[in-house]
Amino acid sequence: MKLSLSEHHGDKSVSKPKSRQLSAVDSKLSKKMKLSAQTLFLHTSSGLEDEVVAMSSLSRELVFLILQFLDEEKFKETVHKLEQESGFFFNMKYFEDEVHNGNWDEVEKYLSGFTKVDDNRYSMKIFFEIRKQKYLEALDKRDRSKGVEILVKDLKVFASFNEELFKEITQLLTLENFRENEQLSKYGDTKSARAIMLVELKKLIEANPLFRDKLQFPNLKNSRLRTLINQSLNWQHQLCKNPRPNPDIKTLFVDHSCGQPNGARAPSPANNPLLGSVPKPGSFPPLGAHGVGFFVQLTCYLCLTT
């Protein structure tokens, strides 16, 4: 049986509002679901970001603990290599010593862990002053071939920023003594020239935003890394069923094992009576029959004490 035009029209007039109502409901549900998903995503993202920041902060602090340990153990070259590679701490004293000694390759290599020539105007000025001093010292020794090498290899990069200055520096090669140049007439000996330049370099470094928060080493108690290891060892040994007052622990390469079933969880290191055995700075207590995975234990310790 065919529907008449009136029946079809009537059906259409009735069903259309229902369809609109359903569409409106679907739209509201869809919006709510999207909002919920967005909220969940934002909370999840925020949580992940916080976790990443926290881990990054702990990793940074661990580097400082290692730097302190290496310095206490007199691994001087390794200390400065880690400073440079991590970029967390600029050791001004070391930098000053290298400048005073004219170790220009090491000076630039150390700087490269924190900034590059074209990072900003402060960095550009720092590298320019160092290379200019290197150039003048070569000319002062009448080593023109070395001067030309420095000019082409180290100073030419600045020509694109100040061509006139580069030309003026180049013309110094034509002088018997570069002090004939009016601006360099008061140039003294090498030692005093380096000292004067260093004053300028320190000002530039301190003003450079890339060195912000990198010029001050954290205030740490002596042998902080050793202390944390001992706290970790003591905490792990207290998990034993019958912990001993002076456990004999001989290695850090494997987790501590009691040799018998563990008992209930012991107090955290903060309240641990064994902490009295934490050594004075510079010495470990007797390490005994078993060891501990330090990084795992340090993580556990941090979890328990937060």
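## Overall make-up

Helices here are DSSP runs of H or I with at least four residues, strands are runs of E with at least two, and both are numbered from the N terminus. By that count the protein has 10 helices and 0 strands, so its order from the N terminus reads α-α-α-α-α-α-α-α-α-α.

Please keep in mind that this is a predicted model, where local features need pLDDT of at least 70, side-chain atom pairs count only at pLDDT 80 or more, and totals for chains, interfaces and linings use all residues. Residues are numbered from 1 along each chain as its sequence is written, and side-chain values use heavy atoms, with hydrogens and water left out.

Helix 2 spans residues 76–86, and its buried residues (under 20% relative accessible area, 1.4 Å probe, protein chains only) are Val 79, His 80, Glu 83 and Gln 84. Viewed down the axis, they fall within an arc of 130°, so they line one face of the helix. The face turned away from them holds Glu 77 and Glu 85, both exposed (over 50%).

## Helices 5 and 6

The axes of helix 5 (residues 121–140) and helix 6 (residues 144–155) come within 8 Å and cross at roughly 165°. That makes the two helices roughly antiparallel (an angle over 145 degrees).

Contacts (heavy atoms within 4.5 Å) join the pair: among the residues that meet are Phe 128, Tyr 135 and Leu 139 from helix 5, and Ile 150, Leu 151 and Leu 155 from helix 6.

Notes:
The arc is that of the directions from the helix axis to the C-beta atoms. Axes are lines fitted to C-alpha atoms, for helices over the stretch in contact, and angles run from 0 to 180 degrees between N-to-C directions. Angles under 35 degrees count as roughly parallel, over 145 as roughly antiparallel, 65 to 115 as roughly perpendicular and the rest as oblique.
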